[in-house]
Amino acid sequence: MAGGDRRRRQRGRAVNPARPAPGTVLCPLDEVASPGARGFRFRVEDAVFAGFVVRRGETLVGYVDSCPHAGWPLAGPNGRFLTRENDLILCAGHAALFRIEDGAMVAGPCQNVALTPWPVRVEGGSIVTA
């Protein structure tokens, strides 16, 4: 495999060049309500990376913004990632529900699927990629 191909592949999956590098500052922590969620989009030429973070108290998790069933963004046109009760992640496209803590689907068209984690952490009062 050529060097460029190796850099674009990781564990047999294509690497998105628009995915932000570890340590990239996303926003101040206080810009994400608790409970609440916020989406982020990054673009490098034709490549786009979409991710979102969910905050509940001191817990912060991140996921790639892509439905594991259909591949479309979860929030839909309203930009909302959580149910009205703010207790589950909602796919606006087909109403699938996912647990916040591990992204596992708890209701929807598929079994044994989960959201793809996007590692994030709090550093100096800001949310950064890990």
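## Strand pairing at R99

In this predicted model, R99 of β8 is the bridge partner of L88. Strand β8 covers residues 97-99, and β7 pairs with β8 in the antiparallel sense. Three bridges join the two strands.

These strands belong to an open sheet of three, ordered β7-β8-β9, with antiparallel pairing. Its edge strands are β7 (88-90) and β9 (105-107), each of which pairs on one side only. From one strand to the next, the twist averages 40°.

R99 has a relative accessible area of 32%, so R99 counts as partly exposed. D102 is partly exposed too, at 36% relative accessibility.

Salt bridges link R56, R99, E101 and D102.

## Other salt bridges

The structure holds six salt bridges. One of the pairs is R38 with E31, whose side chains meet at 2.7 Å, N to O. R38 is partly exposed, with a relative accessible area of 29%. E31 is partly exposed as well, at 46%.

Another salt bridge joins the side chains of R41 and D65, again at 2.7 Å, N to O. This pair links distant parts of the chain, 24 residues apart. R41 lies in strand β4 (residues 36-44). D65 lies in the loop between β6 (59-64) and β7.

How do the two ends stand in accessibility, buried or partly exposed? R41 has a relative accessible area of 46%, so R41 is partly exposed. D65 has 5% relative accessibility, and the cut-off for buried is under 20%. D65 therefore counts as buried.

T129 is placed in strand β11 (residues 126-129). T129 counts as buried because its relative accessibility is 1%.

V25 and T129 are 104 residues apart in sequence. In space, their C-alpha atoms are 6.7 Å apart.

Terms used:
Residues numbered from 1 in each chain as written. Predicted model: local features only at pLDDT ≥ 70, side-chain atom pairs only at ≥ 80, totals over all residues. Heavy atoms only, no water. Pairing = 2+ DSSP bridges. Helix = DSSP H or I, 4+ residues; strand = E, 2+ residues; numbered from the N terminus. Axes fitted to C-alpha atoms, helices over the stretch in contact; angles between N-to-C directions. Buried < 20%, exposed > 50% of the residue type's maximum accessible area, 1.4 Å probe, protein only. Salt bridge = Lys/Arg side-chain N within 4 Å of Asp/Glu carboxyl O.
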